[in-house]
Amino acid sequence: MHYIKFILPAALLFFQACSDPVYIPKPRSYPRVDFPQHQYSRLDADFCQFTFEYPVYTQIQQDTAFFGEIPPHSCWFDVYYPAFDGRIHFTYAPLNGNQEELNALTKDAFNMADWHNKRADYIDELVVRNPQGVSGVAFDIDGAVASPFQFFLTDSTHHYVRASLYFNTHVQADSMKPVIDFVREDMLHIIETFSWKND
């Protein structure tokens, strides 16, 4: 009887040692991103009525097609980030003193930001006004959304600009957060340095 007390645990250890090992998967990891130093250059595009400082590690790409047609205005372009395969898409609309057009464009901007509510953790609306007197609203959208940062700027009478950040990838909020934070800083700099050419 005393032998059973010793043989049973030894047998269990023997059979456990002979069984196949149980592998535990490692936690998901993401590739390391080496961020460049924030540096800027002045946008000098003859197809737009405004200027701002944009990142030197990006490319300005003018839109030549919009759903197979010519864009409504020549001042539609992207600030493209080759390292992140992301872009800030800019659209411009002249107002010509039309208050109804301003109201419609502003309503569209809010609607497009609100469209992300179904996947967003939160949307923070930031009223902006820079030293050049340019004003508008920025939308900081947290969560697994297609466009995590957007803004519009206007002088309320002549010009209206809207910008949205997109990445050419399925957005994973946790893995993309460092990249989004980096580009958000660039977009805030664009807002801060934005001015109309006729001012």
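Glutamate 53 and arginine 42 form a salt bridge, with their closest N and O atoms 3.7 Å apart; the term denotes a side-chain nitrogen of Lys or Arg within 4 Å of a carboxyl oxygen of Asp or Glu. Because glutamate 53 lies in strand E3 and arginine 42 in strand E1 (residues 40–42), the pair ties together parts that are 11 residues apart in sequence. Glutamate 53 counts as partly exposed at 25% relative accessibility, and arginine 42 as partly exposed at 40%, where buried means under 20% relative accessible area, exposed over 50%, and partly exposed in between (1.4 Å probe, protein chains only).

## Model and confidence

This is a predicted model, in which local features need pLDDT of at least 70 and side-chain atom pairs count only at pLDDT 80 or more, while totals for chains, interfaces and linings use all residues. Residues are numbered from 1 along each chain as its sequence is written, and side-chain values use heavy atoms, with hydrogens and water left out.

The mean pLDDT (the predictor's confidence in each residue, from 0 to 100) is 85 for the protein, and 80% of its residues reach 70 or more. Confidence is lowest in helix H1 (residues 2–18), with a mean of 62, and highest in strand E3 (residues 53–55), at 98; helices (H or I, at least four residues) and strands (E, at least two) are DSSP runs, numbered from the N terminus.

## The salt-bridge network

The structure holds five salt bridges. In one of them aspartate 181 pairs with lysine 177, the closest N and O atoms being 2.7 Å apart, and both residues lie in helix H3 (residues 173–193), four residues apart, about one turn of the helix. Aspartate 181 also meets arginine 184 in a salt bridge (2.6 Å, N to O), again within helix H3 but three residues apart. Salt bridges that share partners join Asp140, Lys177, Asp181 and Arg184 into one network. Within this group, arginine 184 is buried, with a relative accessible area of 16%, whereas aspartate 181 at 29% and lysine 177 at 45% are partly exposed.

## The antiparallel sheet

Seven strands form an open sheet in the order E4-E5-E6-E10-E9-E8-E7, with antiparallel pairing; two strands pair if DSSP finds at least two bridges between them. Strand E4 (59–62) and E7 stand at the edges, each with a single partner strand, so one side of each is left without a neighbour in the sheet. On average, neighbouring strands of this sheet are turned by 15° against each other, direction ignored.

Strand E9 (residues 149–154) is joined to strand E10 (residues 159–167) by five bridges, and the two run antiparallel; threonine 154 has tyrosine 160, in E10, as its bridge partner. Helix H2 (residues 99–114) lies across E6, E7, E8, E9 and E10 and runs at about 170° to E9, where axes are lines fitted to C-alpha atoms, for helices over the stretch in contact, and angles run from 0 to 180 degrees between N-to-C directions.

Threonine 91 lies in strand E6 (residues 86–94) and counts as buried at 18% relative accessibility. Leaving aside neighbours within four places in sequence, threonine 91 is in contact (heavy atoms within 4.5 Å) with Cys75, Trp76, Tyr160, Val161 and Arg162.

Asparagine 130, in the loop between strand E7 (120–129) and strand E8 (135–143), counts as buried at 5% relative accessibility. Not counting residues up to four places away in sequence, asparagine 130 touches Ile191, Glu192 and Phe194, and its side chain reaches the backbone nitrogen of glutamine 132 at 2.9 Å.

Note on methods. Polar contact = N/O pair within 3.5 Å; in protein donor to acceptor, adjacent residues only side chain to side chain.
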